[in-house]
Amino acid sequence: MTSYAFFNGKLMPLAEAKIGIMTHAFNYGTACFEGIRGNWNSDQEQIYLFRTQDHYQRLLNNCRLLKISIPYSIDELCQLTVELVEKNGYREDIYARPLAYKSSQVVGVRLHDLENDFLIFITPFGPYLDITNGIKCGVSSWRRIDDNMIPPRAKISGLYVNSALAKTEAVDNGFDEAIMLTHDGHVSEGSGENIFLIMDGKLVTPSPSDNILIGITRDTVIKLANWELGIETLERQIDRSELYIADECFLTGTAAHVTPVLEIDHRKVGNGEVGSITKRLQDLYFNIVQGRNKKYIDWCTPAYTKRVKA
Ligand code: PMP
C-alpha cells in the first residue's frame, strides 16, 4: 500500500517527499511541529482526529514565535489533514505529523531572510507507553530547557534534543520514561508528556511557567476531571519530593494518551497499582477520542467522510 504525504503544496507518495541535505531546519532544528492522533473506531469503520483545530491553533502560534509564515488558515490545515488521512486509508490508530520549517538550503544561523515550507505525514501508531499496566519513571539528570533558552511551549524541533537526552538516559537506567525538573528543581514534564499527580483527591500539575508544553491532552484531562468527576486541578509548582508521596500519578500526551505511572525512582506510587481516579479519567478519555461520547463529539473530526457506516 502506498503511503502519502502533503509536501511542497500537494499530496504525493511519501517515498517521493524528500528534502535536500542543506535544508536549514535539518541543520539547525528551525522548525515547529504538531502531533495529532487519529483514533480508529472499528464499529463505525472511522478514524476520529482529536482536537485538530486546537493543534493547528498551537502550530500557528508557534510559527509566529519562529517567524515562519505558512499560507494556510486553521480550517484549511484541518481540511488538508482530513484529505491526507482519507488518501492513506489506514484502518488502525494513526498519528499525523504537521511540520512547519525553514526550508532554505543555506548555511547561517538565524530566523530571518529564509523561506518557509509546511508538510504533513501520517504513520500508523499504536500505544506509545504501556497504558494498561502503567510505567516506571525516573527523575532525569537532564534539566528541562528554559523559556529563555528555547521556549518549550513552542514545540520546536531542535528543543527535542533535550527530551531525547532525558528519554534515553531513563531507558538506559531501566525506566520507561523520564521526568524532567526545571533548572531550579521543580517538576516540569516527561520527555513527550505532561505530568499529573493526585493528592488529597485533587489533580496537581505544573503550571505553564514551569517550562512545559501546554498539552492539549492536559487541557482535555483538566476539563474532564472538572466537568465529569467534579475534581479540581491545581496548577502550581511541584517539588521533586512530592513525586514520592503522591497518591496517584499519570502522564498525558497525544502519543501517550493517559498513561498511569506506578513507580518513580524505585518508589511505588500509592499502592503501586493503577489508581482509581486515573482509571476513571482514562476510561472517559478513550471513549471520547474514539468518537463514542456524543457530548464531546465536537472535539472529534471524522476523517473518512465518504465511508462512514450509518
Ligand atoms: N510535553 C511534551 C514535551 C510533548 O512533546 C508533548 C506531546 N505533544 C506533550 C507534553 C503533550 O502535549 P499534547 O497533549 O498536546 O500532545
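These legends accompany close-up views of a predicted model.

View 1. The ligand is surrounded by 16 residues. Tyr160, Glu189, Ile216, Thr217 and Thr254 are the closest of them. Sorted by class, the shell holds three nonpolar, eight polar and five charged residues. The space that the ligand takes is the largest pocket.

**View 2. Elements that supply the shell.** Helix 5 spans residues 216–229, and strand 14 spans residues 248–253. Each of these two elements gives at least two residues to the shell around the ligand. Ile216 and Thr217 are among the closest residues to the ligand.

**View 3. Polar side chains at the ligand.** Thr217 places a polar side-chain atom 2.6 Å from an oxygen atom of the ligand. Arg58 has a side-chain N or O atom 2.9 Å from an oxygen atom of the ligand. For Lys155, a polar side-chain atom lies 2.9 Å from a nitrogen atom of the ligand. The ligand taken alone exposes 380 Å². The protein buries 96% of that area.

View 4. His257 is part of strand 15, which covers residues 257–264. The relative accessibility of His257 is 4%, so this residue counts as buried; the cut-off for buried is under 20%. The side chain of His257 makes a polar contact with the side chain of Tyr285, at 3.2 Å.

How values were computed
Residues numbered from 1 in each chain as written. Predicted model: local features only at pLDDT ≥ 70, side-chain atom pairs only at ≥ 80, totals over all residues. Heavy atoms only, no water. Near = heavy atom within 4 Å. Polar contact = N/O pair within 3.5 Å; in protein donor to acceptor, adjacent residues only side chain to side chain. Areas by Shrake-Rupley, 256 points an atom, 1.4 Å probe, with all protein chains shown as cover. 1 Å grid on protein atoms, 1.4 Å probe; cavity = no way out; pocket = protein on both sides within 12 Å on 5 of 7 lines; lining within 4 Å. Sits in = over half its atoms within 2 Å of the grid points. Helix = DSSP H or I, 4+ residues; strand = E, 2+ residues; numbered from the N terminus. Nonpolar A, V, L, I, M, F, W, Y, C, P; charged D, E, K, R; others polar. Buried < 20%, exposed > 50% of the residue type's maximum accessible area, 1.4 Å probe, protein only.
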